[in-house]
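Please keep the sequence and the structure in view while reading.

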Amino acid sequence: MKYHTQGLAFPYFVAALALFLVQVLAGLLAGAIYVFPNFLSEMAPFHIIRMIHTNALLVWLLLGYFGASYFLIPEESEREIHSPKLAWLQLGVFVFAALAAVGSYLSGVHEGREFLEQPFWVKILMVIAFVIFIYNITMTVLKGRKTVVSIVLLLGLWGAAIFFMFAFYNPDNLAVDKLYWWWVVHVWVEGVWELIMAAMLAFLLIKLTGVDREVIEKWLYVIVGFSLFSGLLGTGHHYYWIGAPEYWHWIGIIFSFLEVVPFFAMMLWAFYLVKKSGRNHPNKAAILWSLGCPVMAFVGAGLLGLMHSFPSINFYTHGTQLTAAHGHLAFYGAYVMLNLAFFTYALPALRKLQPFNQALNIWSFWLMNAAMIGITFALIFAGILQTHLQRVLEMGYMQVQSQIELFYWLRLGSGVFFIIGALLFIYSALGPAREKALSSSYAH
């Protein structure tokens, strides 16, 4: 660890992993409700559990991005973070907002808009925390060395802050509401978050492979260009059935194809650089996560997203379990694995240790990936059967649900294995290290 303020990342990572555990526990409970419909129906109904599951996901991913920024920006900018006090204030405000949101949901207080259910005052707190963060990071970058990695990261973070503003616009007209709702929900995860992903992955590849920075930055330019170009107009595949003009069908088809390109490029990029370097980096687990991330992102966000983005297919599959299959693997592959890769790389340095507990970490990698593949395939088969029975044969909703119950059991079983993998990762990252602290270039 070269700069003292890189230590600010540690409490962010701890908070992120705590909420990660909350998220997967809520997901397991939601999966259980699918097979035991009356489970927790009085104490915490399904829609509340689902809110906690999806909102905890978004919040812990953001905490991971914040922590990663505080870790990598000092190295990229070659200077300390502008204000450590502001970073601590930001963490306090953001974590309080997250806990307040969960408390509000359990009390039945929420705005009801999917993924944006946070009460108005909680959204205000989140914006305050985001503004503090953007100011702190921007001032650090402006006063230090400017690199492609830091500029792309900054662009993605600014984009995330700006597009969250549309969460406050809630028009009475449902079609208009959905038009702008996607400007947060889609543009975040399929637009500006891809810039954050590319920048964080570039930093990891620079550190893990030792390949010349200029080579990595050339790839980064290509990926960023395609991400912005395709991600913004790719929103069109969400406009098919909300009353938008029909030309969005064509825009949706064309840019859905192009949205696959940056994920495919990131996958090629990572494997090419690791192979080219031939470097034997001590942190094998971080390399594994860094390679697995773009592969699972390409399959989940790219291929599964494209699979039902065509209007002729989406007409039947929209809102079925196929959407859930895509959403689970896309978020896990692109953003969950990205954060876990960064934690695996940075936490040993933050704890002033050589890479530790790697065997446990690698086991958690294979357990979580196998479990997520199980969840995804269960939902894919459930979605295909649901589409045919409900949308083609026009069977009743509850009758269809009884026909696909087996796949809900398979998802629940996979979820149990996933949470075991998650616990294993948290223990390997934050638990006692088997190796003694060593004064090496990696640790310091």
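## Charges over rings

A charge is taken to sit over a ring if NZ of Lys or CZ of Arg is within 6 Å of the ring centre and within 35 degrees of the ring normal. The model is a predicted one, in which local features need pLDDT of at least 70 and side-chain atom pairs count only at pLDDT 80 or more, while totals for chains, interfaces and linings use all residues. Residues are numbered from 1 along each chain as its sequence is written, and side-chain values use heavy atoms, with hydrogens and water left out.

Lys 178 places its charged end over the ring of Trp 181, at 4.0 Å from the ring centre. Arg 411 is found over the face of Tyr 34, where the distance to the ring centre is 4.2 Å.

## Aromatic pairs

Rings of Phe, Tyr and Trp (for Trp, its six-membered ring) are paired if their centres lie within 6.5 Å, and a pair counts as stacked if the planes are under 30 degrees apart, as edge-to-face if they are over 60 degrees apart, and as tilted otherwise. By this rule there are 49 aromatic pairs. One of them joins Trp 60 and Phe 343 in a tilted arrangement, with 6.4 Å from centre to centre and 50° between the planes. Because Trp 60 belongs to helix α2 (residues 46-77) and Phe 343 to helix α11 (residues 321-350), this pair ties together parts that are 283 residues apart in sequence. Helices here are DSSP runs of H or I with at least four residues, numbered from the N terminus.

Is Trp 60 buried or exposed? Trp 60 is buried, with a relative accessible area of 0%, where buried means under 20%, exposed means over 50% and partly exposed lies in between (1.4 Å probe, protein chains only). Phe 343 is likewise buried, at 1% relative accessibility. Ring pairs also link Trp 60 and Phe 343 into a cluster with Phe 13, Phe 20, Phe 71, Phe 203, Phe 342 and Tyr 345.

Axes are lines fitted to C-alpha atoms, for helices over the stretch in contact, and the angles run from 0 to 180 degrees between N-to-C directions. The axis of α2 comes within 11 Å of that of helix α6 (residues 174-209), and the two cross at roughly 40°. This angle makes α2 oblique to α6, since angles under 35 degrees count as roughly parallel, over 145 as roughly antiparallel, 65 to 115 as roughly perpendicular and the rest as oblique. The crossing of α2 and α6 is left-handed, a term used if the near helix is turned anticlockwise from the far one by less than a right angle, with right-handed used if it is clockwise. Residues of α2 that meet α6 include Leu 58, Tyr 65 and Phe 71, and those on the α6 side include Trp 188, Met 200 and Phe 203; contact means heavy atoms within 4.5 Å.

For α4 and helix α5 (residues 148-164), the axes come within 10 Å and cross at roughly 160°, and α4 and α5 are therefore roughly antiparallel to each other. This crossing of α4 and α5 is also left-handed. Among the residues that meet there are Phe 130, Phe 133 and Ile 137 in α4, together with Leu 154, Trp 158 and Phe 164 in α5.

## Loop residues

Most residues other than glycine have a negative phi. Glu 78, although not a glycine, has a positive phi of about 55°; Glu 78 is placed in the loop between α2 and α3 (84-106) and is partly exposed, with a relative accessible area of 48%. Phe 115 has a positive phi of about 70°, lies in the loop between α3 and α4 (120-143) and is partly exposed at 23%.

Gly 144, in the loop between α4 and α5, counts as buried at 17% relative accessibility. Leaving aside residues up to four places away in sequence, Gly 144 touches Ser 77 and Arg 79. Thr 320, in the loop between α10 (311-317) and α11, is buried at 4%, and its contacts, with the sequence neighbours up to four places away again left out, are Gly 383, Gln 386, Thr 387 and Arg 391.
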